[in-house]
Amino acid sequence: MLASESIGMETFWQQFIFYAFYFVLFDILPLYYPDGQPSNGRVIYDLIRHGRLTDYQKYDPQEELEHGTN
């Protein structure tokens, strides 16, 4: 897209910098998401602070039906 000049260099760099900061900011914050999954920052925090990885098992209702567990 840059070579064919579909988008300008300035637009490219503005978008690149915005998303780079956006993902780094939300990746570094040590928090748990609403579904209980830890962010990468939380995994690193737990690893440094407690010396272990965060244990997270995502709930899959289809798997529960296949195995017949209640």
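This is a predicted model: local features need pLDDT of at least 70, side-chain atom pairs count only at pLDDT 80 or more; totals for chains, interfaces and linings use all residues.
Trainee: How many helices and strands does the protein chain have?
Mentor: Three helices and zero strands. From the N terminus on, the order is α-α-α.

Trainee: Why is Ser39 called buried?
Mentor: Its relative accessibility is 1%. Buried means under 20%, so Ser39 counts as buried.

Trainee: Where does Ser39 lie, and which residues does it touch?
Mentor: Ser39 sits in the loop between α1 and α2. Leaving out residues up to four places away in sequence, Ser39 touches Phe26, Asp27, Leu29, Pro30, Leu31 and Tyr33.

Trainee: What share of the protein chain is buried?
Mentor: Buried residues are 9% of the 70 residues.

Trainee: Why is Arg52 called partly exposed?
Mentor: The relative accessible area of Arg52 is 47%. Arg52 is in the loop between α2 (40–50) and α3 (61–67). Beyond its neighbours within four places in sequence, Arg52 contacts Asp46 and Leu47.

Trainee: What makes Trp13 and Phe16 an edge-to-face pair?
Mentor: A pair of aromatic rings is described by the distance of the centres and the angle of the planes. The structure holds eight aromatic pairs. For Trp13 and Phe16, the centres are 5.5 Å apart and the planes are at 85 degrees. Pairing needs centres within 6.5 Å, and edge-to-face needs planes over 60 degrees apart. Therefore Trp13 and Phe16 are edge-to-face.

Trainee: Why are Trp13 and Phe16 separated by about one helical turn?
Mentor: Because they are three residues apart in helix α1. Trp13 is partly exposed at 42% relative accessibility, and Phe16 is partly exposed at 46%.

Trainee: What kind of aromatic pair do Tyr19 and Tyr22 form?
Mentor: Edge-to-face, with 6.5 Å centre to centre and 80 degrees between the planes. Tyr19 and Tyr22 are also three residues apart in helix α1, so about one helical turn separates them. Ring pairs link Phe18, Tyr19, Tyr22 and Phe23 into a cluster.

Trainee: How do you know that Leu25 is partly exposed?
Mentor: Its relative accessibility is 44%. Buried is under 20% and exposed is over 50%, so Leu25 falls in the partly exposed class. Leu25 is in helix α1 (residues 9–28).

Trainee: Which residues make the nonpolar surface patch?
Mentor: Phe18, Tyr19, Tyr22, Phe23, Leu25, Phe26, Ile28, Leu29, Leu31 and Tyr33 make a patch of about 970 Å². The protein chain exposes about 6400 Å², with 60% of it from carbon and sulfur atoms.

Methods: Residues are numbered from 1 along each chain as its sequence is written. Side-chain values use heavy atoms; hydrogens and water are left out. Patches are made of residues with over 30% relative accessible area and no salt bridge: like charges are joined within 9 Å, nonpolar side chains (Val, Leu, Ile, Met, Phe, Trp, Tyr) within 5 Å. Accessible areas come from the Shrake-Rupley method with a 1.4 Å probe; for residues, only the protein chains shown count as cover. A salt bridge is a side-chain nitrogen of Lys or Arg within 4 Å of a carboxyl oxygen of Asp or Glu. Helices (H or I, at least four residues) and strands (E, at least two) are DSSP runs, numbered from the N terminus. Buried means under 20% relative accessible area, exposed over 50%, partly exposed in between (1.4 Å probe, protein chains only). Contact means heavy atoms within 4.5 Å. Rings of Phe, Tyr and Trp (its six-membered ring) pair if their centres lie within 6.5 Å; planes under 30 degrees apart count as stacked, over 60 as edge-to-face and the rest as tilted.
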